[in-house]
Amino acid sequence: MPIVTIEGPSGVSKETKKELIEKVSQTVADTYGMKIEQINVIVYENETDNVGVGGKQLSELINK
């Protein structure tokens with residue numbers, strides 16, 4: 001059973017995460033030729049203060 005791990009910013013709506021999980025699961029199932037029920041997706045949310053992009057905190061980049 002494949003496990004897909006996604007790390008992204010916190011504060012994403014439940015509906016957005018639901019759509020992400022559905023689409024990723026379907027894509028992986030289609031690619032591997034497996035049933036969607038065999039695919040596991042884990043979403044980790046990170047506070048923007050804990051993510052660096054280009055040497056800067058993501059929170060700084062978002063608040064510009």
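Residues carry numbers from 1 along each chain as its sequence is written, and side-chain values use heavy atoms, leaving out hydrogens and water. Because this is a predicted model, local features need pLDDT of at least 70 and side-chain atom pairs count only at pLDDT 80 or more, while totals for chains, interfaces and linings use all residues.

**View 1. Lys 17 and Glu 45 form a salt bridge.** Side chains of opposite charge can pair when their charged atoms come close. Here, a salt bridge means a side-chain nitrogen of Lys or Arg within 4 Å of a carboxyl oxygen of Asp or Glu, and by this rule the count comes to three. In the pair shown, the closest N and O atoms are 3.2 Å apart. Lys 17 belongs to helix H1 (residues 14–32) and Glu 45 to strand E2, so this bridge ties together parts that are 28 residues apart in sequence. Helices (H or I, at least four residues) and strands (E, at least two) are DSSP runs, numbered from the N terminus. Lys 17 counts as partly exposed because its relative accessibility is 23%, and Glu 45 is partly exposed at 39%. For these words, buried means under 20% relative accessible area, exposed over 50%, and partly exposed in between (1.4 Å probe, protein chains only).

**View 2. Lys 23 and Glu 19 join in a salt bridge.** Their side chains meet at 2.7 Å, N to O. Because they are four residues apart in helix H1, about one helical turn separates them. Lys 23 is exposed, at 52% relative accessible area, and Glu 19 is partly exposed, at 39%.

**View 3. Ile 3, Ile 42 and Tyr 44 make a nonpolar surface patch.** Together they have about 290 Å² of accessible area, a value from the Shrake-Rupley method with a 1.4 Å probe, where for residues only the protein chains shown count as cover. Patches are made of residues with over 30% relative accessible area and no salt bridge; like charges are joined within 9 Å, and nonpolar side chains (Val, Leu, Ile, Met, Phe, Trp, Tyr) within 5 Å. Ile 42 lies in strand E2 (residues 40–46) and, at 34% relative accessibility, counts as partly exposed.
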